[in-house]
Amino acid sequence: MRYIEPHAHMVSRTTDDYTAMVTAGCVAVCEPAFWAGFDRCSVDGFRDYFRQLTEIEPRRAARYGLPHFSWLCINPKESEDLGLAEDVLSIIPEFLDKPNVLGIGEIGLNKNSRNEVKIFERHVQIAVEHDRLILVHTPHLEDKLKGTKLILDILRNAGVRPGRTLIDHVEEHTVRHVLDAGHWAGITLYPESKATPARAIDMVEQYAAERLWLNSACDWGHSDPLAVPKTALEMRRRGHSATAIDALIYGNPLRFLSQYSGFKVADHVGGSV
Amino acid sequence: MTTPKEPWRQRDALTDLYYMEARARLLDVAAFLDRVDRAPGTDDHRLRSLRAALSFLNDGKADRTRRILESWSDPSVAPADSADTKGATGAWPKL
Ligand SMILES: [Zn+2]
């Protein structure tokens, strides 16, 4: 089996996780900027974090032969402070030319507030100006549906090309909205919130799977860095072919991410899935 | 579009694969409701919305998962004035 992990917060994971992922067939990992579990108090905290995402973590991953890519932003949980958010926005262009930077993400909304909307729009503007890919986080639980609709409206009004934007953490009540708008959709496999492997495969079976990817979104919370290969196993149990599984967990993310010319995957050691 | 091969499209095959897990989860939900009903106090919005969602399970219509998630969602349209909290509870608090 070979797969791409398109959403993992590796700065929160151990080296054992790198070993397990590569052993399971991971050939590239992508790490969006996110909330550290506490609010950072100055722009310098973000500058250090961006260095970690663009210099330190790629080096750590390289020890396992794993290409590492990142997305940059200030996440919506810290966007309520407009002054800090503007400071962080101003340093993002310094890092955009680093070779492992895919684009702007994971931006989006958390509580669907006016300030979050404002900072989301500013990020989109930067992505459009620099012609970069966009990764969007949709809110949690009861806030997801409203937030997804707001996000889709903003992206439409900003003139973003839908095929260059992936909207993440879709569930049964949002996946159709995202795909119908022409965007890519990400299904996040979490033990409790978001989607289980069985529900993720239900969505794959029901919707055009060409613009869908699966991710573990593993971080410092309740999450599993092997959620994608475990879901591949579940697809086998459901009777999906090796070709279909490879298309979903390798081919699809490869197609979206290859829109950034610097994206590459490791030679994988195994045979076919 | 990925197309699962037979026989997993067949109802009996899917039942073989998932029945025991679904049975265990349904018993867990029942036990949870028994547990909270035995305890003093009143239902908050999470319990109210969970109880209300049970009616979707046996209404014989499709897309139960989508409809349950929609029923727990914030139905408002305009952005909130501010984010007074970072977290979400699982169901819209005004339910
Ligand atoms: Zn994330």
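R46(B) is partly exposed, with a relative accessible area of 46%; partly exposed lies between buried, under 20%, and exposed, over 50% (1.4 Å probe, protein chains only). R46(B) forms a salt bridge with D44(B). Their closest N and O atoms are 2.7 Å apart. A salt bridge here is a side-chain nitrogen of Lys or Arg within 4 Å of a carboxyl oxygen of Asp or Glu. D44(B) is also partly exposed, at 27%.

This is a predicted model: local features need pLDDT of at least 70, and side-chain atom pairs count only at pLDDT 80 or more, while totals for chains, interfaces and linings use all residues. Residues are numbered from 1 along each chain as its sequence is written, chains are lettered from A and ligands numbered from 1 in written order, and side-chain values use heavy atoms, without hydrogens and water.

Now step back to chain B. It has 3 helices and 0 strands; helices (H or I, at least four residues) and strands (E, at least two) are DSSP runs, numbered from the N terminus. Its radius of gyration is 18 Å, well over the 12 Å that the globule rule gives for 95 residues, so chain B is more spread out than a compact globule. The radius is taken over C-alpha atoms, and the rule is 2.2 Å times the number of residues to the power 0.38. Buried residues make up 20% of the 95.

Next, chain A. E55(A) and K98(A) form a salt bridge, with closest N and O atoms 3.0 Å apart. E55(A) lies in helix α2 and K98(A) in the loop between α3 and β4, so the pair ties together parts 43 residues apart in sequence.
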